[in-house]
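I open this notebook to record what I looked up in one structure. The entries follow in the order of my reading.

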Amino acid sequence: MENNIHKSHILPPVLLEETVRSWLKEDTPSFDYGGIVVGDQQESAVLLCKSAGVLAGVPFFNAIFTQLKCTVVWNYPEGASLKPICEVATVSGNARNILLGERTALNCLTRCSGVATASRKYADIAESRKWTGEIAGTRKTTPGFRVAEKYALLVGGVSTHRHDLSSMIMLKDNHIWSAGSIKQAVTAARRVGGFSTKIEVECRSLTEAREAASSGAEIVMLDNFEPKTAHGVAATLKGEFPHLIVELSGGVNEDNIAGYFSPHIDVISSSQLTQGYSVVNFSLKICKSDRDPTNPMVGQS
């Protein structure tokens, strides 16, 4: 079934169109001065991948050039592991429209592929250790780029976590301190969230986690726990509250995530997936027989 799922179908067409239109408008808010130089002559441009990574962001790339009446033909499917230097796709259309979309499309592709590449590494670590929980991103995303980064997490093979403040009720330390107690905060949240919205509480001790679970929270987040402590607290919670979802977060990275794997921890989230990723290097070059699209370094002659 997994092989038949097209992750791009999760993106509503209207959202996709409005998102890329806002990006294009940001890059060309008034005159396109460069466009007058190249005009409307038909051209093709090759998309090159110049560093290793997982290809992600294809729906956004396509939508950008659809807005500009260009066509894109892909040589690799989204989610493929790319090795440099390879020709990933070809964009065809009039010259000025290709160049209007070039930087915006590349900015999206490099960043989405960076998120997916980091996510794939985390997912591979979990698979190699036979841990069956979920790795997730966080809400620490780039303003204006959240939907793309969240989508890239899915392409990379991990979970998105909540998308925004309206997706799930997460009560963090500031909420608890302002409300007066975990119980008061959970009770107030349940009044408005009702049966259809899960409540998660950020906890810094077993005592806090017990209070959260006893108050009706479906999820507790163990925040900034050392691995050994997290394992013990999670095991105790699962024994007392078998249906409780236990999340571990705080300070998790590629080097230490395996230390947190436990049958009692259901979710491990890391902001590194959308804050600490390296981009994948792509370029888009007009195809000319007497020009090298790989743009090699210039050395001394």
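**Basis.** I work from a predicted model, in which local features need pLDDT of at least 70 and side-chain atom pairs count only at pLDDT 80 or more, while totals for chains, interfaces and linings use all residues. Residues are numbered from 1 along each chain as its sequence is written, and side-chain values use heavy atoms, with hydrogens and water left out.

**Helix pair.** I took helices (H or I, at least four residues) and strands (E, at least two) as DSSP runs, numbered from the N terminus. I looked up helix 3 (residues 58–67) against helix 4 (residues 95–128): their axes come within 9 Å and cross at roughly 165°. Helix 3 is therefore roughly antiparallel to helix 4 (angles over 145 degrees count as such). Axes are lines fitted to C-alpha atoms, for helices over the stretch in contact, and angles run from 0 to 180 degrees between N-to-C directions. On the helix 3 side, V58, F60, F61, I64 and F65 make the contact (heavy atoms within 4.5 Å). Helix 4 contributes N97, I98, G101, E102, T104, A105, C108 and L109. I noted nine nonpolar residues, three polar and one charged in this contact; Ala, Val, Leu, Ile, Met, Phe, Trp, Tyr, Cys and Pro count as nonpolar, Asp, Glu, Lys and Arg as charged, and the others, Gly among them, as polar.

I then traced an open sheet of six strands, ordered 6-11-10-9-8-7 with parallel pairing (strands pair if DSSP finds at least two bridges between them). Strand 6 (134–136) and strand 7 (169–171) are at the edges with a single partner strand each, so one side of each has no neighbour in the sheet. Strand 8 (residues 199–203) pairs with strand 9 (residues 219–223) over four bridges, and E200 stands opposite I219. Helix 9 (residues 227–240) lies across strand 9 and strand 10 (245–249), at about 165° to strand 9.

**Buried residue.** I found T274 in helix 10 (residues 272–275). T274 has a relative accessible area of 3% and is buried (under 20%; exposed is over 50%, partly exposed in between, with a 1.4 Å probe and protein chains only). Leaving aside neighbours within four places in sequence, I list V115, T138, K140, T141, E149 and L153 as contacts of T274.

**Backbone.** The P84 to I85 peptide bond is cis, with omega near -15°. H161, not a glycine, has a positive phi of about 65° and is buried at 17% relative accessible area. N224, also not a glycine, has a positive phi of about 60° and is partly exposed at 46%.

Methods
Angles under 35 degrees count as roughly parallel, over 145 as roughly antiparallel, 65 to 115 as roughly perpendicular and the rest as oblique.
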